[in-house]
Amino acid sequence: MAGVAGGACSSNVLFRSREVGNHGASMAQYNGLRPVVNKQMAPAGSKPSGSVSTPASKLRTVRAMVSQTVSAPKREKDPKKRVVITGMGLVSVFGSDIDAFYNKLLEGESGISLIDRFDASSFSVRFAGQIRDFSSKGYIDGKNDRRLDDCWRYCLVAGKRALVDANLGSEVLENMDRTRIGVLVGTGMGGLTAFSNGVESLVQKGYKKISPFFIPYSITNMGSALLAIDTGLMGPNYSISTACATANYCFYAAANHIRRGEADIMVAGGTEAAVMPTGVGGFIACRALSQRNEDPKKASRPWDKDRDGFVMGEGSGVLIMESLEHAMKRGANIIAEYLGGAATCDAHHMTDPRSDGLGVSTCIAKSLEDAGVSHEEVNYVNAHATSTLAGDLAEVNAIKKVFKDTSEIKMNGTKSMIGHGLGAAGGLEAIATIKAINTGWLHPTINQDNIELDVTIDTVPNVKKQHEVNVAISNSFGFGGHNSVVVFAPFTP
């Protein structure tokens with residue numbers, strides 16, 4: 001849900017048309033990051049209404065109901081349809097090593113700093129979760145490495161590291177049926193630097209000076225394509241682009257390929273590299289970003305009363321998803337289990353949240369139904385939590401609408417330390433969620449100095465906490481009203 005997301009892809013920027021003077025002209029009216037007035041979500045414990053009216057430009061009635069569990073839920077038992085995680089790979093502001101990444105999170109270290117990739121001195125926002133000292137050595141050959149947009153470089157390194165982590169290196173893959181292994185790595189923005197450079201060449205020098213790589217390295221499917229080309233994986237291959245909900249959509253779709261018997265293994269996740277002039281400038285124009293230039297490390301502060309917008313991040317997070325039957329046959333190390341997921345749409349507004357929060361609460365309920373778990377089994381939420389005024393509270397209210405008793409639930413915001421990775425956010429946060437399951441430690445939500453009174457769920461403020469995760473959900477929402485939730489748990493045979 002865009003507004004509930006509160007994230008990049010949910011700045012809660014409102015574009016409403018209205019009449020101006022006697023001319024009837026239409027103009028864009030910005031509401032920036034301020035909460036929507038007179039749009040309160042149903043209080044916790046209230047029953048969902050069967051009919052909801054939305055104040056969109058054309059009034060319409062939407063009929064929907066949050067699914068209610070009628071009988072005891074049952075988890076999938078068929079080893080061909082159970083989906084397990086056998087490998088993980090990432091590129092992040094804290095490097096490309098999984099353990100180092102999570103240890104930094106546990107320490108509560110901020111990866112946010114002033115931008116030095118380009119001259120941002122004239123920008124009203126001059127900081128981000130910028131990746132530095134990135135190396136693709138051993139993963140991409142030098143010639144291609146120089147040509148590629150960072151979005152695809154991050155994807156290739158994270159994807160190949162995930163394959164190695166799953167003991168699916170090149171020598172192993174050569175002896176496998178690669179028509180049964182697919183790739184589904186999405187991105188919200190695509191090759192933004194390649195696109196920007198192509199447009200600049202056209203404007204300044206003419207079309208003959210446009211690089212032949214302009215189109216291929218700009219389009220959003222190229223991450224999945226390049227990873228398959230390099231590894232010979234011939235199964236289902238495409239990308240999904242649903243703004244900041246992208247990676248979770250990819251996990252959900254990838255798991256369904258396995259459940260339907262179309263693939264044994266799927267390489268799935270998200271990638272993004274938008275910390276560049278067009279990306280930063282675009283989100284400044286949306287009035288989505290924090291402007292705390294004097295103290296960047298304190299800028300991303302989900303649920304804190306002094307939050308003023310999200311902080312841009314970048315990177316890639318990729319999981320190896322595999323049928324339990326196939327993983328057992330090859331003796332794979334099983335890290336965790338993917339139990340289920342869901343995707344819904346607010347069908348309401350480009351960036352404005354639904355006033356009733358129905359899109360998000362329905363998505364959470366549907367994900368639990370798909371996973372075969374009861375509401376009471378969930379005790380950890382990796383929240384979308386982007387540090388925007390309206391979005392953070394709306395997400396909390398949606399969670400409270402589904403989980404009537406939140407006393408045993410802990411909830412944290414990874415973005416408080418690494419910023420908002422846009423299309424990669426769900427991938428990086430899925431890895432953080434699985435590491436929480438494996439280690440029994442939840443990373444803190446940092447910069448929790450003055451938490452909103454309505455946030456009654458434990459946000460793991462400022463200091464890590466030990467917590468045995470039973471079932472975890474990870475939320476991601478994006479522009480367009482896209483909502484996505486995925487469910488993970490410790491693996492039990």
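Which side chain does a polar contact of 2.8 Å join to that of R301? Point 2 has the answer.

1. First, the ground rules. This is a predicted model, in which local features need pLDDT of at least 70 and side-chain atom pairs count only at pLDDT 80 or more, while totals for chains, interfaces and linings use all residues. Residues are numbered from 1 along each chain as its sequence is written, and side-chain values use heavy atoms, with hydrogens and water left out.

2. The partner is D449: its side chain and that of R301 are joined by a polar contact of 2.8 Å. A second polar contact, of 3.1 Å, links the side chains of R301 and D304. (A polar contact is a pair of N or O atoms within 3.5 Å; within protein, one must be able to donate a hydrogen and the other to accept it, and residues adjacent in sequence count only if both atoms are side-chain atoms.)

3. R301 sits in the loop between α9 (277-285) and β8. Helices (H or I, at least four residues) and strands (E, at least two) are DSSP runs, numbered from the N terminus. R301 counts as buried because its relative accessibility is 3%; buried means under 20% relative accessible area, with a 1.4 Å probe and protein chains only. Leaving aside residues up to four places away in sequence, R301 touches R292, D306, R307, S387, I446, N447, Q448 and D449, where contact means heavy atoms within 4.5 Å.

4. Now for strand β8 (residues 315-323): 9 of its 9 residues are buried, so β8 is largely enclosed by the rest of the structure. G315, G317, L319, M321 and S323 point one way, and S316, V318, I320 and E322 the other.

5. Helix α2 (residues 98-106) has I98, F101, Y102, L105 and L106 buried. They lie on the same side of α2 because they cover an arc of only 135 degrees around the axis, taken from the directions from the helix axis to the C-beta atoms. Their cover includes β3, α13 (415-418), α14 (425-439) and β12 (441-442).

6. D97 caps the N-terminal end, with a side-chain oxygen 3.2 Å from the backbone nitrogen of D99. After α2 comes G108, which has a positive phi, near 75 degrees.

Note on methods. Buried means under 20% relative accessible area, exposed over 50%, partly exposed in between (1.4 Å probe, protein chains only).
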